[in-house]
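Biologist: Before I rely on any of the terms used for this protein, I would like to hear what stands behind each of them. Could we go through the model together, with you setting each value against its definition?

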Amino acid sequence: MVYVPLPHTRAAALRDGDTPSALAGHAATASLRRALDLTPDDEEGDYAALNAAGVAALDGLVGERRLVLAAEVADAQVADHRGPSGEVEVTGLTWAQVRSLFADEEVAGPAVRAAAGAASGVALEQAYDLPAVAALADAHDLLWFAPEELDALG
């Protein structure tokens with residue numbers, strides 16, 4: 001599973017047939033598992049990759065809601081950047097591969113805005129330590145949505 005942070009407009013374009021050449025994402029890679037001292041079958045790896053994608057979604061965010069696509073892709077579609085946050089590049093992603101969406105609940109808007117303001121332009125590894133990002137992570141989890149619910153999340 002790969003977790004791809006996308007603005008709502010780009011996710012809608014993907015759903016409508018756009019096939020971007022490459023997208024940045026996060027996955028439970030060996031590097032991420034090593035950084036967190038996780039075993040290969042530990043489900044915490046997927047949770048950590050989702051969290052990393054959620055923090056990455058803050059960079060340049062316009063609006064009050066982060067959006068992360070969870071997609072099942074072929075190994076050949078993923079290039080591992082071997083980063084500690086499971087950084088990958090995904091090529092040829094289609095909407096049919098999207099299994100679920102993760103987004104903030106509406107009440108998280110003020111915390112999301114504050115975190116996005118603090119994290120925009122900041123490297124992912126440094127963004128984790130920003131007080132506004134930590135406050136968002138402590139108070140609000142990304143919620144699960146079905147792919148069919150994309151329009152309701154815009």
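This is a predicted model: local features need pLDDT of at least 70, side-chain atom pairs count only at pLDDT 80 or more; totals for chains, interfaces and linings use all residues.

Biologist: Why are R15 and D16 called a salt bridge?

Modeller: A salt bridge requires a side-chain nitrogen of Lys or Arg within 4 Å of a carboxyl oxygen of Asp or Glu; the N to O distance between the side chains of R15 and D16 is 3.1 Å, so the pair qualifies. R15 also forms a salt bridge with D151, where the closest N and O atoms are 2.7 Å apart. Together, R15, D16 and D151 are linked in a network of salt bridges.

Biologist: How do you know whether R15, with its relative accessible area of 29%, is buried, exposed or partly exposed?

Modeller: Buried means under 20% and exposed over 50%; R15, at 29%, falls in between and is therefore partly exposed. D16, at 58% relative accessibility, counts as exposed, and D151 does too, at 53%.

Biologist: What makes R65 and E106 a salt bridge?

Modeller: Their side chains meet at 3.9 Å, N to O, and because the limit is 4 Å, the pair is counted. R65 lies in the loop between α3 (44-56) and β3 (67-71), and E106 in the loop between β6 (98-103) and α4 (109-119), so the pair ties together parts that are 41 residues apart in sequence. E106 is exposed, with a relative accessible area of 63%. The structure holds six salt bridges.

Biologist: Why is the set that includes V2, L67, L69, L93 and L101 called a nonpolar core?

Modeller: A nonpolar core is made of buried residues of nonpolar kinds, Val and Leu among them, joined through side-chain atoms within 4.5 Å. The largest such set has 22 residues, and V2, L67, L69, L93 and L101 are those with the most contacts inside it. β1 (2-5), α1, β2 (22-27), β3, β5 (87-91) and β6 each supply at least two residues of this core. Apart from it lies another core, of twelve residues, among them L58, V112, A116 and A119.

Biologist: How do you know which strands are the edges of the seven-stranded sheet?

Modeller: The open sheet has the order β4-β5-β2-β1-β3-β6-β7, with antiparallel pairing. β4 (78-80) and β7 each pair on one side only, and are the edge strands.

Biologist: What makes β1 and β2 a pair?

Modeller: Two strands pair if there are at least two bridges between them; β1 and β2 have two, in the antiparallel sense, so they qualify. The bridge partner of Y3 in β2 is H26. As for the helices on the sheet, α1 touches β2, β3 and β6, and its direction makes about 35 degrees with that of β3.

Notes. Residues are numbered from 1 along each chain as its sequence is written. Side-chain values use heavy atoms; hydrogens and water are left out. Buried means under 20% relative accessible area, exposed over 50%, partly exposed in between (1.4 Å probe, protein chains only). Helices (H or I, at least four residues) and strands (E, at least two) are DSSP runs, numbered from the N terminus. Contact means heavy atoms within 4.5 Å. Axes are lines fitted to C-alpha atoms, for helices over the stretch in contact, and angles run from 0 to 180 degrees between N-to-C directions.
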